[in-house]
Amino acid sequence: MAGSPPRSDRSARRVHRTRVRAAIAAGVVAALAVGGIAGWALLRDDAKAAAPKKRAAAPSTTMITTTTTPKPVAAVTATQKVPEVTAYKDAVETSAAVTKLSAMTEYGLPRTFLVTDQSSRPGWLDVLLPIRPNGASGWIKASDVTLGETDYEIRIELGAHKLTLLKLGQPVLDSSVVIGADKTPTPVGKFYITDPLDLHSQPNAGYGVFALGISGYSDVLTSFKGGPGQLAVHGTSNPGQVGQNISNGCVRVPNDIIEQIAAQVSLGTPVTIVA
């Protein structure tokens with residue numbers, strides 16, 4: 001054909017084009033390969049970047065709580081300083097009177113009370129009363145009495161036939177006791193000493209060498225030997241009887257024990273009797 005290049009030239013151009021295409025194809029493959037690796041690496045880095053950082057665990061804390069046992073305090077007593085005290089049902093003079101009491105007990109000792117509340121009603125005291133029924137209480141004027149205190153308490157456990165003298169909650173001495181017979185049981189409750197009586201001059205009176213009259217009364221006997229059936233913690237000349245239920249309601253301890261107790265306690269000292 002006129003103007004056509006020689007066949008050798010055409011062949012050379014075909015070979016050249018084939019080589020060019022091959023080179024281009026190789027470049028594309030290489031580019032894809034590189035792009036793929038870079039893309040995987042990017043995704044991997046992104047994954048690392050996107051993963052939330054773990055928060056450091058908060059240090060564990062343990063709340064330590066301690067309970068403190070209230071420190072025992074002295075019991076508050078009130079000794080009458082007026083000829084007559086009126087105990088009211090409530091801390092107002094218009095309230096009903098529970099009882100009226102003379103300045104001296106039947107045994108000629110200063111009338112003393114155990115105070116159970118001296119802060120909730122200004123000018124008034126809630127006190128245990130030495131009357132029936134056991135545990136009776138009333139409000140008296142603070143101005144009618146002189147306040148005092150005692151560190152001691154007598155605790156009697158009927159089931160264990162045991163008396164313990166405590167000073168600010170700590171045992172000072174203990175002893176086995178005689179308690180009331182089944183027909184004349186010793187009542188339980190919170191009482192206090194009203195009439196400490198030295199009986200060394202009357203050793204055969206049946207109460208040992210000392211008797212601590214308390215504010216409680218027999219639940220069975222309304223009178224006893226001319227008295228109102230008042231209870232007492234007293235001595236006995238028969239220490240071999242301790243551990244038995246044979247009294248008329250009083251609590252008996254050996255004479256040497258009641259002497260030790262009497263030397264330490266005072267008017268108003270609490271006496272707690274439990275089953």
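Start at the second largest pocket, which holds about 250 Å³ of space. This is a predicted model, where local features need pLDDT of at least 70, side-chain atom pairs count only at pLDDT 80 or more, and totals for chains, interfaces and linings use all residues. Residues are numbered from 1 along each chain as its sequence is written, and side-chain values use heavy atoms, without hydrogens or water.

A pocket here is an open set of points on a 1 Å grid over the protein atoms alone, where a 1.4 Å probe fits, with protein on both sides within 12 Å along at least five of seven lines; lining residues have an atom within 4 Å of a point. Points are joined across faces, edges and corners, and volume is the space filled by probe spheres set on them.

Select Val 73, Ala 74, Ala 75, Glu 153 and Pro 270: of the 17 lining residues, these lie nearest the centre of the second largest pocket. Next, show β4 (112–117) and β8 (152–157), the elements giving two or more residues to that lining. Strands are DSSP runs of E, at least two residues, numbered from the N terminus. The largest share, 3 residues, comes from β4. Colour by class: 11 nonpolar, 3 polar and 3 charged.

Now move to the largest pocket, with a volume of about 560 Å³. Select Tyr 107, Tyr 207, Phe 224, Gln 230 and Cys 250, the closest to its centre among 27 lining residues. β14 gives the largest share, 4 residues.

Key: Nonpolar A, V, L, I, M, F, W, Y, C, P; charged D, E, K, R; others polar.
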